[in-house]
Amino acid sequence: MRHRAAVIAPSIALGVRSTIVKLRDNARFDTVCIHAGQVPDPSTGAIITPIYQTSTYVQDGLGVHKGYEYGRTHNPTRAALEGNIAAIESGREAFAFASGLAATRAVMTLLQAGDHVVVTDNTYGGTYRLFERVLRKGGLDFSYVDTSDLDATASAFKPNTKMLFVETPTNPVLRITDLPAVSALAHDRGVAVVVDNTFASPYAQRPIELGADMVLHSTTKFLNGHSDSVGGIVVSVRDDHTDWLRFVQNAEGGIMGPMDAWLVLRGTKTLPIRMERHHANAERIAAFLASHPKVKLVHYPGLPTHPQHELARRQMRGFGGLIAFAMGTLENARTVLNSVRLMALAESLGGVETLISHPVSMTHASVPYDHRQEIGVTDDLVRISVGIEDCDDLLEDLAQALDRV
Ligand SMILES: Cc1ncc(COP(=O)(O)O)c(C=O)c1O
C-alpha cells in the first residue's frame, strides 16, 4: 500500500539538515512508521533521535536561536514523534499531550460554550466522564448516539452542532462506524469530524483518508505498544484546527514529556509487525471463544456474526486486537478473570502482553448503569487485549480458565 507524503521533523523544516531527508513522498506505510519525522541527530549522527531532556535552549544572541526557545513550546524528541505520527495518519501536523484524555480535552477547546457535539454512545468511559463531568460545566452539550446507525446519527445533529466525535471500533463492544458515510453527513452540515483511532491503530484504519478532519490516539496503547508510557496525540489537516492546536498545546501546557515521546517513537517503528501478530492471535482466540459452549456471546469484527463484519472488512486492514465476550453471569465472568494465569488482569490495551479486564468495574465504572445497559456493557462482559505471545499458550490459558466455570 502506498502512503501519502511523509511529514518531516521541524529541525528539517528549519533547514538544519535539509539534505538528509531520505523518505520519498510515496514511501510505503511500514517504511513511514520507521523513518518519518526523524533524521540522524545533527550533532552526532546518532540514528535514534535522542531524549532531549531539557527545559530550555541557549540562544546565540538576542532573538537568534535554533528554532527552540522553551521546553513546553518545543522539544526535538516530541517534534520527531509528532512528525512521525502525522505521517503515519496521513495528516498535516500532530500535537502530543500528556495522556489520551489530555489530547481529547485539547481538541474540545476548539469549541465554545453553547456548542453541541454528537458522540458515539459506546465511547471509552473516561471520555464520557470528561464530557459529562468536566466539559458540560463549561457550557458544551453532548448527545450520545449509535454512530453505526446512519439515520440515528443524522437525526442527532442540531443547529448548534459543531463536532462529531466518533470512536470506531468502540470500547468495549467493538461496533463499527462507516467513516466516509458519517463524515459526509457531518460535512454537509459544516460539522468537524474527530475520530478516536486508539482501538484500531493506524495500521488497521486511517480515518483522515476516510474523511475525518482530526484523529486522536491514546498513545498509551498500540502506538507505544509496550505498556511503559502514558500519552496522547492529535493529528489535524485543516489550517484552522492545526493553528489552534499548536497554540493550545503551548497555552494550556499539557504536553508529552521527552522520555514518553521517545518511548512512543520506538514503538511506532514496530507497529506494523506487532499489529499483524495482534490480529492473527485475536482472530484465532475469537473463533475459539465463539465455538466454546460456556461463552454466551462474542464481540469481534472479524467474526461473520458481527453486525458490521462487511463494513469492517471494507474499512479496516485486519479486525483489531480486542475481543469482548459475555459469560452469562457476573459470577462466570469473575471465575474466568480470576483463573487466567498468563493473561494479566489489568486495565489498558495494545501492549505486547495479553491483558484481560472487566469493563463494568474497570474501564467503564464511571458510565452510569442505565447507559451501560443501553450500549451492551453488561456485568458479565469480559474484554481481552490480545498480545503477541505464542497463540497456543494464550488458548491453553483461556481453556483452563473456562473449564473452571
Ligand atoms: C479508546 C480510548 N480513548 C482514549 C483513552 C484515554 O487515554 P489515556 O488513558 O492515555 O488518557 C483510552 C484509554 O483507555 C481509550 O481506550
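**A cavity, a ligand and a loop**

Visitor: How many nonpolar, polar and charged residues are in the lining of the largest cavity?
Guide: The model is predicted: local features need pLDDT of at least 70 and side-chain atom pairs pLDDT 80 or more, while totals for chains, interfaces and linings use all residues. For the classes, Ala, Val, Leu, Ile, Met, Phe, Trp, Tyr, Cys and Pro count as nonpolar, Asp, Glu, Lys and Arg as charged, and the others, Gly among them, as polar. By that division, the lining of the largest cavity has seven nonpolar, two polar and no charged residues.

Visitor: What is the volume of the largest cavity?
Guide: A cavity is a set of points on a 1 Å grid over the protein atoms alone where a 1.4 Å probe fits but cannot get out, and the volume is the space filled by probe spheres set on the points. The whole structure holds one cavity of 30 Å³ or more. The largest cavity has a volume of about 40 Å³.

Visitor: Which residues line the largest cavity?
Guide: A lining residue has an atom within 4 Å of a cavity point. For the largest cavity these are P169, L174, F199, A200, M316, F319, G320, G321 and L322.

Visitor: Which peptide bond does P169 share with T168, cis or trans?
Guide: Most peptide bonds are trans. Here omega is about -10 degrees between T168 and P169. P169 is in the loop between β4 (161-167) and α7 (179-188), where helices (H or I, at least four residues) and strands (E, at least two) are DSSP runs numbered from the N terminus. The bond that joins T168 and P169 is cis.

Visitor: Where is L174, which has a positive phi?
Guide: Most residues other than glycine have a negative phi. L174 instead has a phi near 60 degrees. P172, joined to N171 by a cis peptide bond with omega about 10 degrees, is in the loop between β4 and α7. L174 is placed in the loop between β4 and α7.

Visitor: Which residues are the closest to the ligand?
Guide: A residue counts as near if one of its heavy atoms lies within 4 Å. The ligand is surrounded by 13 residues, and by class this shell has three nonpolar, seven polar and three charged residues. The closest are G100, D196, S218, T220 and K221.

Visitor: How far is a polar side-chain atom of D196 from a nitrogen atom of the ligand?
Guide: Residues are numbered from 1 along each chain as its sequence is written, and side-chain values use heavy atoms, with hydrogens and water left out. A polar contact is a pair of N or O atoms within 3.5 Å. N171 has a polar side-chain atom 3.3 Å from a ligand oxygen, and for an N or O atom in the side chain of T220 the distance to a ligand oxygen is 2.8 Å. For D196 and the ligand nitrogen, the distance is 2.6 Å.

Definitions and conventions:
Polar contact = N/O pair within 3.5 Å; in protein donor to acceptor, adjacent residues only side chain to side chain. 1 Å grid on protein atoms, 1.4 Å probe; cavity = no way out; pocket = protein on both sides within 12 Å on 5 of 7 lines; lining within 4 Å.
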